[in-house]
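Reader: Please take me through one part of this model in detail, and give the cut-offs behind each term as you go.

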Amino acid sequence: MGGNGVDYDAQMSIEWMEQRRPLFMNLIIAYALFVVHVPRIWGRKRNRELASIIFYWNAFNALTDIVLFLGLLPEFLSSFHEGFYSSLCLTAGLYKNPRSGRAIFTFHISKIWELLDTVLVILDGRKTNILHVAHHIVVSISMIYSYQHIGAMARWIAITNLAAHSALYSYLAAQSCVWKRRTRSARVIDGIQIAQFPICLFGLIKIRQFLNAKKKCEISYNGLCIIIYSSFFILFIQFYINKYGKNRINREVFKSDSKGMQKNWMSHRTSCQCSMIAEKVKLRSKSYI
């Protein structure tokens, strides 16, 4: 995808994306059909051989996202030469710089292959989350249609998502081969994923302010972006609260207390039974005497 000169051939990337857009849409449709129908057929079958594939898949994504993040980070930091305005409104060399151009393009494409995450979850016999599936579909569609149209905002979306997913996939890879089970780190990882939304919402609001001030902003601004980000932010916050919130803790405490009470009751019952048996033995021994 590189040009013959110093600059990255962004126009070639646009044409490549447009040509393969129907293919990507078909893959997304196939993904949706797979998620809806296959779990009913496959059930809760667990495949031990799939564990190695899942580990390598997570490790691959972790490494890829780290490389893309490092490739985009210098351009992201240098984009603040005029503060938030230049970072959010001016593309500068974002799409033409060889390093950041490739990173941004690959980032957009990666949202298609990340659909395999859910496929592996289903084949591993685990349940999928509707929010997880919906997020994958919306993001993948938006990525194949928004390449370069979203302008400078792409650097914010990419840098936050790559940072969050680098942590996520690294955690999942480590979990599959080291920890073997969820740890308290899962709460932190989920929190990092959610942090993407308010950061990007802040960027979108700032862009709206710059546009209202009649400043040049190289972005096809659409209020739909704010609606999508706000909706997912609220839904993921609710998901996080339901998963780690106070009510869940109380339920877990109640369960542990119930188990403790049950154990105490059983031990008390056992001790009572033992006492009764001992009394019977004494009575019998007295009668023999």
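Author: Asn58 sits in helix 2, which covers residues 50–78; helices (H or I, at least four residues) and strands (E, at least two) are DSSP runs, numbered from the N terminus. This is a predicted model, in which local features need pLDDT of at least 70 and side-chain atom pairs count only at pLDDT 80 or more, while totals for chains, interfaces and linings use all residues. Residues are numbered from 1 along each chain as its sequence is written, and side-chain values use heavy atoms, with hydrogens and water left out.

With a relative accessible area of 7%, Asn58 is buried; buried means under 20% relative accessible area, exposed over 50%, and partly exposed in between (1.4 Å probe, protein chains only). Leaving aside residues up to four places away in sequence, Asn58 touches Tyr169, Leu172 and Ala173, where contact means heavy atoms within 4.5 Å.

UniProt, in an unreviewed entry, places the feature "transmembrane region" at residues 23–42, 54–73, 153–174 and 219–241. Its positions are given in the numbering used here, feature names are shortened, and annotations may be inferred rather than shown by experiment. Residues 54–73 are 100% helix and 0% strand, and the end C-alpha atoms of that span lie 28 Å apart. For residues 153–174 the end C-alpha atoms lie 32 Å apart, again with 100% helix and 0% strand.

Another helix contact involves helix 6 (residues 130–146) and helix 9, which pack at an angle of about 160 degrees with their axes 11 Å apart. Axes are lines fitted to C-alpha atoms, for helices over the stretch in contact, and angles run from 0 to 180 degrees between N-to-C directions. Helix 6 and helix 9 are therefore roughly antiparallel (under 35 degrees counts as roughly parallel, over 145 as roughly antiparallel, 65 to 115 as roughly perpendicular and the rest as oblique). From helix 6, Leu131, Ala134, His135 and Val138 meet Ile228, Phe232, Leu235, Phe236 and Phe239 of helix 9. The residues of this contact divide into 8 nonpolar, 1 polar and no charged; Ala, Val, Leu, Ile, Met, Phe, Trp, Tyr, Cys and Pro count as nonpolar, Asp, Glu, Lys and Arg as charged, and the others, Gly among them, as polar.

The loop between helix 8 (185–212) and helix 9 (223–244) holds Lys214. Lys214 has a positive phi, near 65 degrees, and is a residue other than glycine. Its relative accessible area is 76%, so Lys214 is exposed.
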